[in-house]
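Work through the exercises below with the model open. Each task is followed by a solution in steps.

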Amino acid sequence: MKISSLAVLLAATILGGCVDTGPAISKSSMGNLDVYVTAPEGVNVHPARISVDGVFVGNVSQELPVLYLKRGKHVVTVELVGMKTYEQQITILGDPNHQFLDVTLEKIE
């Protein structure tokens, strides 16, 4: 009887949602996005302007590659004088998902 009781307890635990398998979408209304900006050699990316949904959020710095955004779709724009504007739509999934956006800026020819 001990084996079947253990099996029932294990099944109840799994079906009850106590086992965390890392959901793709969470119940959290916020999520984070790491933005990494690179450019051709010799180009300083720190003056680059980052905007989300048309709103300026800051320049590239050691402290700001992480943006805290509401869950859902957003448009991230990165602008730097002499470089092509980078624009990407991204869907923020919410915590505990940690998302990354690698931005490679290209020179205007």
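**Exercise 1.** Which residues of the largest nonpolar core touch the most other members?

Solution. The model is a predicted one. Step 1: take as core members the buried nonpolar residues joined through side-chain atoms within 4.5 Å. Step 2: the largest such core has 20 residues. Step 3: Leu33, Val37, Val78, Val103 and Leu105 touch the most other members. Step 4: assign the core to elements; β1, β2, β4 (66–70), β5, β6 and β7 each give two or more residues to this core.

**Exercise 2.** Describe how β1 and β7 are joined, and find the bridge partner of valine 37.

Solution. Step 1: strand β1 covers residues 30–38 and runs parallel to β7, with seven bridges between them. Step 2: valine 37 has valine 103 of β7 as its bridge partner.

**Exercise 3.** Sort the side chains of strand β7 by face.

Solution. Step 1: β7 spans residues 98–104, and its side chains alternate. Step 2: on one face lie Gln99, Leu101 and Val103, which are buried.

**Exercise 4.** Give the strand order of the open four-stranded sheet and identify its edges.

Solution. Step 1: the order is β3-β2-β5-β6, with antiparallel pairing. Step 2: β3 (55–59) and β6 (86–92) pair on one side only, which makes them the edge strands. Step 3: neighbouring strands of this sheet are turned by 25° against each other on average, direction ignored. Step 4: β2 (residues 49–52) and β5 (residues 72–79) pair over four bridges; valine 52 has valine 76 in β5 as its bridge partner.

Note on methods. Residues numbered from 1 in each chain as written. Predicted model: local features only at pLDDT ≥ 70, side-chain atom pairs only at ≥ 80, totals over all residues. Heavy atoms only, no water. Pairing = 2+ DSSP bridges. Axes fitted to C-alpha atoms, helices over the stretch in contact; angles between N-to-C directions. Buried < 20%, exposed > 50% of the residue type's maximum accessible area, 1.4 Å probe, protein only.
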